[in-house]
Every structure is written in structure tokens, then in C-alpha cells.
Amino acid sequence: MFLKFILSLLPVVLLLAGCDNGNDSNDPFDPTADLTMINEAYASGTLIKVYADKQAEVGYNRYYVTLSDSLSGKSIDRALVVFKPMMDMGTMKHAAPVENPQGMQAEEGLFRGAVTYIMAGMWSMKVEFDDQNGRSGAVSFMSDVAATQHVKKVTGSDSLSYFITLVEPMAPKVGMNDFSICVNYKQNMMSFPEVTDVGVEIEPTMPSMGHGSPNNENPQHSGGAHYKGKVNFTMSGDWQVAVTLKRNGNILAQTAFDITL
Amino acid sequence: MGKIMRKIILIFISVILSSGLLYGGQTEIKGLVRDGLSHKPLQGVNIEIKEGNKGSATDDTGHFTLHLSPAAYTLVVSHIGYHTRYIRVDLQGERQQLQIDLQPAVIEQKQAITVYGAQNDPLDKNRDKWLNSTDDMMRRFEGVTLMRRANFALEPSIRGLSYGQISTTIDGMKIFHACVDRMDPATSYVEVENLDRLEVSKGAYDLSQSSVGGSLNFVTRDPQSLPGWSSESETGFESASALRRLRGELSWRGRHQALRVSMSLKKADSYYAGDHTLIARSGYSKQNAAVKYMIDLNDRSRLTLNYIGDFARDIGYPALLMDATRTIAHIGSIKYEWNPALSWFPKFNTRIYYNQIRHWMDDYGRDVRQREVMADMYMPMYGVATTYGAIVAATFLPGRDSFLKLTLDYYRLNSFADMKMLSIFPDVAPAYIVNIADARLDNLALIADYTIPLTERWRLRSNVRLDYARRDIYDEFGKNALSAFWSDQGSFMEQVLPSGSLALEWPADAENILTWSLAAVQRMPSHMESYSFFIYNLLDGYFYTGNPGLKPEASLQTDMGWKYRGSSLAADFSLFFNHLNNYIAGRWQSPEFKIYENFSGADLYGFEWNGSYHVKALTLAGSLAYTRGYNNALGEPLPYIPPLATTVSFSYTGSGWWLQLRMLHNAAQNRVADKSTREDTTPAFTRLDLRGRYHLGEAWEIKAGVENLLDSYYHEHLSINNLPSPGRNFYLGLNYRWQRSTEN
């Protein structure tokens with residue numbers, strides 16, 4: 001009688017034991033949980049997936065890439081990943097400012113990069129990978145980039161074309177907000193290098209009222225094309241943040257972003 | 001006859017004699033004893049004959065009766081809490097009637113003006129009042145100046161200090177304004193017919209309120225003291241603003257209950273300043289209703305329920321960018337009084353109260369296109385201030401002629417205010433600001449007020465007060481906006497504030513009383529100084545922001561007073577000096593913004609004098625008030641300091657009528673602030689008023705007069721944006737009083 005009882009418990013025990021196991025393949029923390037997969041492809045026995053956190057739009061777009069072995073599913077954490085955006089305008093083609101993942105190491109299983117789409121329209125994107133160890137390949141997709149006012153193209157006092165991109169705030173609120181921009185210049189149709197040596201001043205105003213706000217912090221260079229500061233929105237409504245780029249104390253370029261709370 | 005028998009007969013005879021059965025040849029003295037300030041009858045007052053062992057006491061209507069043989073006597077009239085009086089009477093056979101006023105023995109730190117000059121007493125300086133609003137009551141005090149933003153709701157300033165530096169209460173209970181532009185001082189939410197008197201404390205010696213400058217306490221009117229019914233109604237008209245006014249009250253007292261109801265309606269159009277200058281958009285309409293019900297629970301305790309509702313509409317503020325469209329005030333309280341039958345513990349009372357003030361304003365009636373600042377947009381604004389609290393007070397008599405009053409006073413203020421900015425252009429997004437982000441302020445205070453006689457004549461009153469204050473803001477939207485200005489400060493504030501004062505009184509002789517007072521006091525910043533956001537000050541063109549890091553404003557002040565009461569001459573004089581530390585004012589932050597900050601020091605000093613001289617039916621009276629203020633941190637005069645104010649008046653009292661000619665003169669004010677705010681100088685002005693009253697029989701009275709007889713065009717220094725005062729103003733009023741007593 002007792003033995004039967006024990007045996008009848010066995011499936012339950014095994015079931016519970018089975019539930020405790022097997023966490024190597026199912027990672028409880030999924031870094032892609034809040035992201036949208038744009039496209040995936042197989043190459044050299046590797047599955048490459050590209051994710052984004054919002055619809056493609058003019059401005060700063062972050063991309064997240066995962067690589068995994070297509071048979072075992074094991075993620076690959078070391079590779080060189082390169083983004084190649086291209087807009088085909090018929091008579092000519094041009095690229096866009098690009099931030100490729102730094103180094104070869106993925107963070108939390110993701111290779112993080114970004115692309116600044118400088119105009120609206122159809123863009124093609126090719127994401128290439130090479131783990132320097134035999135695996136290499138790419139995934140391609142098309143994006144219909146929506147129009148926004150987040151990228152301003154200005155001609156600098158040095159006759160170069162500059163692109164100033166609003167990165168933050170994307171969800172502005174009344175009070176103190178992070179204010180950050182990217183600054184790139186156009187070297188040629190295919191190359192838009194980062195600008196790392198300008199001074200940036202911001203001045204927010206409400207154009208319909210003619211007043212500004214105090215306690216703003218001018219963006220400081222924080223690596224790559226990025227400049228980070230703070231802007232104070234004292235109330236909801238229409239704001240305009242004027243951005244001035246200076247080099248050696250002289251004004252290089254000026255623009256303004258319209259932000260409505 | 002044995003010894004015992006003789007004793008019995010002697011006792012019997014003396015009993016008969018003292019029982020007054022042997023009336024023959026005795027004269028009756030009847031008297032009424034009243035409180036000299038409030039004129040309320042006093043019960044239980046001892047009347048003794050110095051020359052013998054006869055005596056009596058007043059009943060609950062304040063009356064006493066004595067029967068004495070014809071001779072001269074000295075009546076000793078005494079009562080706990082009052083200066084004893086010695087009254088000579090010479091009885092020659094005919095009946096005598098006396099009216100005796102006893103002066104409170106507590107060193108008086110308040111001046112009081114009663115609303116209705118109750119008796120036709122030529123010495124009563126209240127008789128010439130034409131009272132349209134509480135502004136007229138406040139004007140009667142030297143040292144109190146009113147800041148004008150409209151023909152309505154003038155804001156009081158005591159010896160150059162105002163707003164958060166002084167305290168306003170109704171029956172000792174706190175009340176706050178709701179409008180962030182200071183359009184609605186708490187004094188505007190009560191009406192003349194709600195009140196028995198206004199008590200003004202100049203200087204912060206009376207610590208029943210926390211302040212550095214003094215306080216105004218409006219004391220509400222009780223139902224009549226005599227059993228029966230009475231009513232009073234008054235209609236009035238003023239020409240300068242075509243003001244029509246109607247007010248009325250009905251009062252009843254029964255055996256154990258009493259009730260009083262009052263109401264008033266006022267409507268004014270835009271007013272004319274001197275030289276026929278129309279000040280557009282300066283009219284208003286206001287209604288007020290009040291009920292007070294009292295019931296004696298037993299012969300030692302009483303419950304009083306009180307409600308005042310005040311409602312106003314379409315109030316024009318020509319000095320500001322906006323007009324108030326509506327104000328609604330509900331003011332209520334319940335009071336419980338108990339007189340324990342203990343000689344050392346005579347009085348106890350507790351009150352709970354609640355008031356809610358709501359205020360709406362906008363500029364829909366203005367031409368926003370032409371406006372210099374924030375043009376092309378409408379800015380409707382709303383504010384609410386809710387105050388509730390409880391006060392428990394007990395009076396003890398540790399010894400003869402010494403008093404100890406202990407009070408526990410708690411209140412909570414909840415305040416919120418916001419505004420929208422709506423562009424006239426459709427493509428501009430609306431803006432929204434929270435001006436006061438749901439501020440909640442708690443204040444708990446313990447006050448001990450102790451008066452003792454130092455010698456036969458010298459009396460000392462000492463006051464200590466301990467406040468515990470705590471406050472914070474709770475609206476997230478508003479908190480985010482403010483945090484950008486404070487850099488890690490945080491919004492929570494907590495503070496313990498001790499304060500103390502001493503007053504010494506010396507009645508030098510029967511006619512002169514000298515007083516000297518000293519106080520070291522602190523006050524918390526106002527809720528606006530702590531938490532307000534984006535408040536535009538049109539005088540200096542800056543947006544002001546509150547600062548929760550403010551330290552309390554502190555004051556060390558002293559006052560010397562001299563009071564003279566002769567038979568035909570009376571005079572009051574006081575000299576004051578006030579040193580403020582951590583003086584709160586706006587500090588420049590950026591070309592458009594100022595934030596409240598503590599500054600190192602400010603000094604104020606000055607004097608007030610008033611005097612009157614009576615010869616037969618003629619009274620000559622005058623007053624002077626002067627304040628000087630200096631900001632030590634910025635090295636310039638303090639703003640909003642009134643110049644030397646002089647009044648001289650001649651009054652004549654006939655039988656049943658009275659006439660007065662009064663001159664008011666303000667000197668020029670050339671000492672102005674330039675750094676803390678922008679102020680301009682104000683020229684001197686003189687104004688002449690003629691007033692009269694005429695009794696038509698017992699019940700009717702006509703009041704008429706002309707203010708600003710010469711139609712001078714002038715503005716006062718404390719007038720915001722130099723808004724001019726009214727020009728020549730004819731007023732006419734008809735007053736009817738009726739009384740029916742039910743003596744039982």
C-alpha cells in the first residue's frame with residue numbers, strides 16, 4: 001500500500017523537478033521584450049535579428065541586434081556589427097550618420113547602434129555582422145521613414161553642411177528635462193562623421209509669450225556625436241529651443257527645435 | 001434679661017436694619033456696570049461702600065441697586081480682570097442712576113474700533129463713521145494704511161508691514177486669501193454688519209497670532225444682549241461710483257437662546273477719480289449673509305454657531321492685468337464656552353472652525369492685443385484656500401489681579417491655484433501652469449499669556465509662544481515645474497519657532513498711563529513665499545517663484561506708549577522700532593525671474609499720535625502717523641512705506657445732529673525702493689471731507705456727507721500702479737432701528 005502511494009507521487013515529483021530545470025535555454029530576462037523585431041535572416045549558420053524601439057522616423061533611431069547559432073540557439077556575444085543605411089533617390093544615392101556598436105562585445109546579448117535618418121522616405125538598411133571567426137553575413141530591410149522636425153540641416157560658417165538632431169526629450173514634461181542632441185557634418189554623400197569639438201548653447205523660449213526659463217544647462221560633449229544638457233520647461237504649451245554651435249568662440253551654426261508639451 | 005437674650009435682640013435689630021425693611025429716609029442708587037471696551041454688561045461686579053459694610057453685586061444684566069441714607073459715599077466697584085473704580089456719590093434724597101464703565105486690567109495691546117458707536121457719546125470717536133466696507137474700519141487706525149488695486153478689497157499694511165508679515169483673523173480664527181495676485185485679502189470676505197469691532201495690534205506684542213508686524217482681528221457681532229427683538233436696516237448711496245447699498249440685521253434673545261441674522265447687498269459701477277476722470281472697469285457687486293445662534297446649555301456653558309457667506313461678482317481691478325469674475329467665501333465656526341465655578345479657573349473655551357475661499361479671475365474683458373506683457377492671449381486663473389482649525393483656551397487666576405491664559409491653536413491651510421494661457425491664434429497650443437501646487441500647511445502653537453502686578457501700580461504682561469510648522473506640496477505637475485528652480489532643495493519644510501514678548505504698564509496717575517513693550521518674534525514664510533510659481537509682478541516686471549528653503553523672518557521690536565485721558569483732552573502716543581532679520585523679498589535669478597530669499601536685515605521706526613479736545617459741543621481732533629523703513633542688505637528704503645499722514649477734524653454735536661469737517665494730508669513719499677522692486681515717488685495730497693448725521697426721532701437716522709470735497713485727483717503711495725483714489729463723493733444713507741424688549 002505504502003509503495004503504491006510513493007509511486008503515485010513520482011510523476012508529480014518529476015514534474016516539479018522538471019519545472020526547476022532547463023533555465024539555460026529559456027532566459028527569464030529577455031532584453032528584447034519591449035522591442036519590435038524588424039527583420040531576421042540566416043547566414044553562416046547564424047540567425048541575425050534586428051530590433052527597434054519605435055517606428056522609423058526622421059531623427060535618431062536606435063537599433064538592437066542579436067546573433068545566435070541557428071542550430072543550438074546559443075547567443076553569440078562577440079562580433080563586428082555594421083549598419084549601412086542608404087536612400088536611393090534615383091539620380092543619386094546617399095547614406096546617413098551611423099553609430100555602429102562599439103567594440104565587438106554585446107551587452108546583455110544585444111549589439112546596440114543607431115542611425116540618424118536625415119530625411120523622410122524609403123530607406124534601405126543592411127546590417128552586416130562578422131565574428132572574425134568564420135561567421136559573417138547580413139540582413140536587409142526597407143524602412144518607410146516618417147517625417148518629423150527632429151533633424152535640422154544648417155550650413156555652417158565654414159560652408160559645411162551640419163546635421164543637428166534632437167535626441168532628448170522625446171516625451172517632454174513640465175520641469176527639468178534631459179536635453180541632448182547629435183551633431184554630424186556631411187563629408188560626402190556616403191559619409192557623415194561625428195562632430196566632437198563644438199560648444200553648444202541652448203535657449204528655450206515660448207514664442208507666443210516672449211519669455212524663456214532659467215536654470216537651463218548647456219549641452220556638454222558626452223562621446224561620439226552626442227551632447228547632453230538640461231532644459232527647463234516652466235509650463236505646457238509651445239516652446240522653441242534655440243541651439244547655437246560655436247567653435248573657438250565663434251558661431252558655427254544656429255537652429256531651433258519646436259517642442260510642444 | 002439674660003446676656004443671651006440681649007444678644008438675640010441686638011442681632012434681631014441689626015438684621016432688620018440691614019435688611020432694608022426700615023426704608024424710611026433711604027435713597028436708592030441704581031447702576032449699570034459695563035466693560036469699558038466692548039460695552040457689554042458685567043455680571044457679578046462687587047459694589048461696596050468704603051464707609052460702611054454695605055454692598056451689592058450686579059445681576060446678569062449688569063444692574064445693581066443700593067439703598068443708603070442721604071450722605072456722601074465712595075462706591076468701590078471691583079471685578080476680577082478689571083481696574084477697580086472709586087466713585088463718589090452724594091445722596092441728597094433723590095434717586096441716582098449711574099453708568100459705570102470698568103477698564104480691563106490686562107495690559108491692552110490692541111486698539112479697537114467698534115462698528116456701531118453704540119451710545120450718543122460725544123467722546124466716542126466712532127460716531128462719524130460712514131462704513132461701506134471693512135476698508136473704512138481699517139482706515140480709522142493711525143499706522144494702518146491700505147493698498148489699493150481696485151475700488152474694492154483694499155489690503156491692510158500696519159506700520160509698513162503687510163501680507164505674510166501680519167496676521168488676519170475672524171474671532172481669532174485664521175483666514176487666508178485665494179488669489180495669487182493678492183486681489184482678495186481676507187479682510188474682503190467679511191462685511192461691516194457681520195462685525196462688532198475690529199481689533200488692531202500694531203506691532204507683534206500680542207502673541208495670540210504669529211507675526212512680525214501685528215494683526216487684525218475682526219470680532220463678529222453677537223445677538224443683542226437684552227431679551228427681546230431688535231432690527232436695523234440701512235440703505236445707502238454714494239455718487240463717485242453710483243454705489244447702491246442695502247444692509248439689515250434682525251436680532252433676538254430669549255431665556256436660553258439667541259439668534260442674529262444679517263444680510264447686505266452692494267452694487268457699484270466704475271468710479272470717478274478727481275477731475276471727472278473715469279476709472280473704467282472698476283465696478284463690483286457683493287452679497288453677504290450671516291447667521292449666529294447661541295444656546296445656553298446650562299447656566300455655566302454656552303454653545304455658539306456662526307456662519308458668514310460672502311459672494312462677489314465682476315470686480316474690476318484697474319491696477320492689475322485681470323479682473324475677478326467671482327469670489328465665494330464660506331466661513332463657519334462652533335464655539336463652546338464654559339465658566340467653571342472655581343475662583344482660580346474662571347474661563348474656558350474651545351472653537352473649531354472651517355472656511356473656504358474660492359476666487360476666479362480672467363482678462364476676457366480686456367484688450368489683450370494691446371497688452372505689453374503676454375499679449376495675444378487670455379489667462380483665466382483659479383485659486384482656492386481652505387482653512388480649518390481648532391483653538392482651546394483656558395484662563396487661570398494664579399493670584400489676585402494676575403492672569404494666566406493658556407492657548408493651544410492648530411490650523412491647516414490647503415491651497416491650490418492654476419491658470420491657463422489661451423492664445424487668440426488657433427495654431428498656438430494652450431499653456432497650463434499650476435501656481436500653487438496643492439500646498440498643505442500645518443501649524444500648531446502653544447501660547448502662554450501671563451499678566452502680574454509688579455507693585456501697586458506697575459503691571460507686567462509676558463507672552464511666550466511656540467509654533468510647530470510643517471508644510472509640503474502634493475500636485476505632481478506643479479512639483480516638477482518648481483523642482484527646476486530649486487536644485488535639489490525638496491519641497492518639505494518643518495520648523496519650530498519660539499517667540500516672546502514683554503509689556504510693562506505704569507499708570508503714572510489718574511490721567512496718564514505709560515507702557516513699554518519688547519518682543520522677539522518670528523513668522524513662517526507665507527505659502528506663496530514658499531511654494532508659488534510663475535506669479536507675475538507687474539510693478540517690477542518679474543515672475544516670482546517660491547522657495548521652500550526660506551528661513552523664518554525674525555523681528556526684534558520695541559514700542560513706547562503714552563495714553564492721556566483728561567476731562568476734556570485725550571491723547572495717545574506711541575513710538576516704535578522694529579529690526580527685521582532674514583527679511584523675505586525677491587532675489588534676481590535671471591532677466592525674467594526672481595525667487596524669494598532671506599535678506600540680512602531691515603529696520604523700521606516711526607510714531608503715531610492721536611488726540612482730541614472737547615469744549616462743550618465742539619470737538620477738535622487730530623492724528624499723525626509716520627514710518628520709515630530701510631533695507632540694510634540692499635542699502636535702500638523698504639518698498640511700500642507710507643509717508644507722514646496727518647488728519648485734523650472739527651466736529652459739532654447739536655441735539656440730535658452732528659457735523660464734522662476733516663482734513664487728511666499725506667506728505668510726498670520720495671524714499672522709494674529701486675533694487676528689491678520698482679517703485680516711483682508719490683506727490684503730497686490733501687483731502688477734505690464733510691460728514692453729518694441727523695436723528696429723525698427715536699428710530700430713524702440720516703447720514704450724509706461729501707468726501708474729497710475739493711475733488712482732488714490723487715493717488716496714495718501704497719496704491720498699486722498709482723491707481724487714483726475716488727474724487728468728490730456725495731453719500732446719503734437712511735438708517736432705521738427698532739427694538740422691542742421682553743422683560744420677564
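Mentor: What follows looks at a sheet in chain A and then turns to chain B. This is a predicted model, in which local features need pLDDT of at least 70, side-chain atom pairs count only at pLDDT 80 or more, and totals for chains, interfaces and linings use all residues. Residues are numbered from 1 along each chain as its sequence is written, chains are lettered from A and ligands numbered from 1 in the order in which they are written, and side-chain values use heavy atoms, with hydrogens and water left out.

In chain A, 5 strands make an open antiparallel sheet in the order β1-β2-β3-β7-β6; strands are DSSP runs of E of at least two residues, numbered from the N terminus, and two of them pair if DSSP finds at least two bridges between them. Its edges are β1 (36-43) and β6 (98-99) of chain A, each of which pairs on one side only. Within the sheet, β3 (residues 59-69) and β7 (residues 111-117) of chain A run antiparallel and are joined by 7 bridges, and A:Val65 has A:Phe111 in β7(A) as its bridge partner.

Chain B holds 43 strands and 4 helices, a helix being a DSSP run of H or I of at least four residues. The C-alpha trace of chain B spans about 115 × 55 × 45 Å along its principal axes. Of the 744 residues in chain B, 54% are buried, meaning under 20% relative accessible area with a 1.4 Å probe, protein chains only. Among contacts in chain B with a separation of 6 or more, 64% join residues 24 or more positions apart, where contact means heavy atoms within 4.5 Å.

Definitions and conventions. Buried < 20%, exposed > 50% of the residue type's maximum accessible area, 1.4 Å probe, protein only.
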